[in-house]
Amino acid sequence: MLLAKAAKGATVEVLADDVVLTGTGGATVATLPEFRVALSVPALLHGRLAPTRIVLVRPRLNAIREVDGRFRLALMSDDDTDDGNDFMADLIAALKRPPDPLEPLGALTKLVVSEARLSVDNRQLGLVWSAPRADISLTRDRRGISGNAQLVVDLGGHMTQVAAELGYRLADGTISAVGHFSGVSPADLARITRASDGVLAAVGGIDMPLAGTVTLDLASDFSPRIFDVALSGTAGTVTLPGRLKAPLAVANLDLQARLEPGGLTLNHLNLTLPGSGGPAPASTVMLTGKGVKRDDGSYRVTLATEVKSVPLSALDALWPLDALPKPRAWIMQNLSDGAFDKVTFNFEGNAPPDLSDMVPNRMTANFAFSGATVNYMDGLPKVKDVGGTATFDGGHLGIELTRGRLLDLALGTSRLDITGLDKTAQKMEMTLPVSGPISSALTVIDTPPLGYAKKVGLVPAAVAGTADMTLRFDFPLVATLKMDQVKLGVQAHLRNVAADNIVADIKASDGDLNLVLDNKGMDTNGTARLNGMPARILWRENFPAEAPIGTRVALQATAGDRDRQLFHLDFPDWVRGPVGVNMVYTRDAQHQETILADLDLTKSALAVSLMDWRKVTGVPASGHVEVGFDQGRPLHVTRFQLKSEGMEASGSMDLKHDFSIGHIAVDRYRQGRTDAAMTVDVDDAGGMRIKAAGPSMDARPFRRSASGGGNGRPPTEAELKALDARPPLDIDFNFDKVVTANGGREIGASKGQFARRGRSWRSVVLDSRIGKDNAGHLALRYVPDGNAMALTITSDDAGAALQQLDVLDHLRGGKLVVKGHSTPGDPHEVVDGTLDVTDYQVVEAPVMARLLSAASFQGFSDFMSGAPITFAKLEGGFHWTDTGVSFHDVRTSGAAIGLTMEGEINLSRGMADLQGTIVPFSTFNKLLGAIPIVGDLLTGGEGQGLLSATYRVKGPLDDLDVSVNPLAVLAPGFLRNLFFLSPTDEDGKPETKPVPRKKPAKPAAGPVTSDQAVPDTPK
């Protein structure tokens, strides 16, 4: 015995030679030439033996599967006896349990069996075999056991290699094994089985080397759940006594089957027979079947056999001896040359539990042949290279010909029915559609005595495809047949019509057309695919060169999204869903091409995203299109008209050579309050340049687009990414009026330029007339300034501008100046700026009314009676982001009151949180401050206040909550700032101090007081 420290890990390895295992009575039950065990050092330090790996070298193993399914694996002694010891069973049982350091073998993770000798006795299947060498490695983890095995198997003196992957799933206790082998002959299996009949004995008729995979899925008691077999073999023989005349030579074999408790499934057994060495394909046999197990153990069996590519002369070798002999004589007599492409035998019957014999209930046979020569009627050209099928029922032979060659035409699906084979006189009824090139088909029908092509004066070459001529014959089978004994009928039908470039890049295919020809032309009607789109066609082709119209094609179709894509007319941002098309294409004698089309857009979904207009499916809509061609390509929409609920448009359009939109000229676009004309130019990247002008433009869609949809919620990340991915958009406009918001809000004559990049408007220039009689002016500039953005808004009528732009309704008059600038390089382009409004009034403002009412100010009654509150000046700072605007240091005052404000309006959420101070009777406070000595005592000096109210406005923009604390005392110096008075130093001179910008204070929980809510204002 050797003791060694393992190279890695906290283990000690014990090696022992010539180990003898004894039973409880001391008798030897098994021997091991070599035994290795790795012990956990931490466990040893705690006084426990905890093997982590066990290696058995050159053991003798005996595996037995009893008839009842029980499985046992045991070690054998030197004399190859097995006394039923449980050593291996205990090891495997320990591995099958989850790892547990408290169990004796709970730390064991690896079991290796090296150079073992294995004996297997499968008493359930009657198989006895051995493996002179077996190497097995098993690894345990918390999910179960995985491992592999390499075996050299002795099959009756023939050695073969077998490799396997092993697995045990701890969750359900099931066992899996996948074995791979090669060089095994089923005849070898027959030699190692004890059974003289059954499946294993039957496969003994297959004598060839096989390779493949066997997959076992076993229950925890080793009973099989699924047994899959996949085999392949080469160069051997198959012997089926009583079925075939002689052993059948096989070049290749391929088998897949599954055995499970419910029965046996033969997925396929494919045999390839040795070929003749010529170009003909090798003969094949394919067998599929299923055996469904009954309660009594017997099987209900269905089998399907398919034989392919068998020379007609060799079929007898494959035809079962007792299978439908009656059709053989007629087939051999009337068919010559060629081969049977396919012969199928279908079997339904019963079999005993061992599948040793099968009793049929029903058998049928069908024959498919090709390359044959058929003399179907004396006096007519023989049909060569015929392919077809045949069935026979005794007195009637039914032959269906699916292909063949008449001159250079192929024989279509045909029917030959010969009746009276059990009588003296026979009769033939035949329907023969021959198909091939249209030109060749017309040549055939022009052959005497038919002469149909000459009757219509046609030698067609304009259309490729297959012409089906259905010839119907009814005649007796006599030695000499006259034409007056034959009933004949001919019909012409075009199939698989194909023509490239029938109109520009439009390709016709899959035509299914009825054709009528005369001296003047061809009339065709039916269906075809145009660039893959199904269409109904009425086609008139005038043959004379002097005809003013050479081609006229009228078609009706429903073009889906993919169809329009194949026509290069897919505009998914505008049109989705089916479009009904009623179109006429003409080509005159000078080869000038035009298209006139009426469109039914009722079932389509339409969208003009730029104008926020959409039509859902089901709403009536129609269109008209006129198309001209440029070098054979339909690139010019010379006129289009579109009409739907709430929208009308007309104009023209030019397409690029890749059929994308290059230019649109809309001479009239009417939608809601929009009445305009415009041009749209699209660059190669999808960017658009729009120039628009007209009496009226509804700008509300652009406002919603700029806010990400205007749905009252912040846009999602996906929506923002979609907005960022939008192509560039540049708009130049000049309108007599612009609708800005609901409720009749609009501005007067307006012109400017907008530029959008992704989600942001990168440049906005607007000049508009506002106010009564459009006497006022509004100028807005939001333009790049280096790597920053500059904002300027000016108006000589601030109230009208804010009201007409739907910003604020309660301001009258005043001059407005807004200036702002973003920080250079700021990717969010946050704008900081100032606003200044002078000489304005506030009227009918609900929030102001609630402030005055809560503060119990005398001005409230005047304000509520309709009298405006006049303010001389408002100034302050703002911070504008993509979510809203925050204010700081905002102050305004007039004759009646003064106000300060700071806080935030979150436009993306529709919320506000503002606070400040309201001071009543501004003039009275000034007068108090003017009283010598007393005024200074009461107000704190010049420009100081006495009493005020603090307020807070918070909540949704459409339902603001106003709270007021009317008993706040102003801090010294407050009024000086409120009334825009300059502070003085000790000498009475104005002081100049920097004005710090402060972020809005965090809103308080309730009404504010003078010492907690209002920050110091700049002095």
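Which residues have the most contacts inside the largest nonpolar core? Good morning, colleagues; I shall answer that after a word on the model.

This is a predicted model, in which local features need pLDDT of at least 70 and side-chain atom pairs count only at pLDDT 80 or more, whereas totals for chains, interfaces and linings use all residues. Residues are numbered from 1 along each chain as its sequence is written, and side-chain values use heavy atoms, with hydrogens and water left out.

To the question, then. Inside the largest nonpolar core, which has 100 residues, the most contacts belong to Leu530, Tyr669, Ile690, Phe871, Phe878 and Phe887. Apart from that core lies another, of 94 residues, including Leu75, Leu210, Leu273 and Ile399. A nonpolar core here is a set of buried Ala, Val, Leu, Ile, Met, Phe, Trp, Tyr and Cys residues joined through side-chain atoms within 4.5 Å. Buried means under 20% relative accessible area, with a 1.4 Å probe and protein chains only. By that criterion, 44% of the 1019 residues in the protein are buried.

I turn to secondary structure. The protein contains 17 helices and 58 strands, taken as DSSP runs numbered from the N terminus: H or I of at least four residues for helices, E of at least two for strands. Three of the strands make an open antiparallel sheet, ordered β33-β36-β37; strands pair if DSSP finds at least two bridges between them. β33 (575-576) and β37 (613-615) are the edges, each with a single partner strand, so one side of each has no neighbour in the sheet. Two bridges connect β33 with β36, residues 605-608, and Arg576 lies opposite Ala605 in β36.

Technical notes
Buried means under 20% relative accessible area, exposed over 50%, partly exposed in between (1.4 Å probe, protein chains only).
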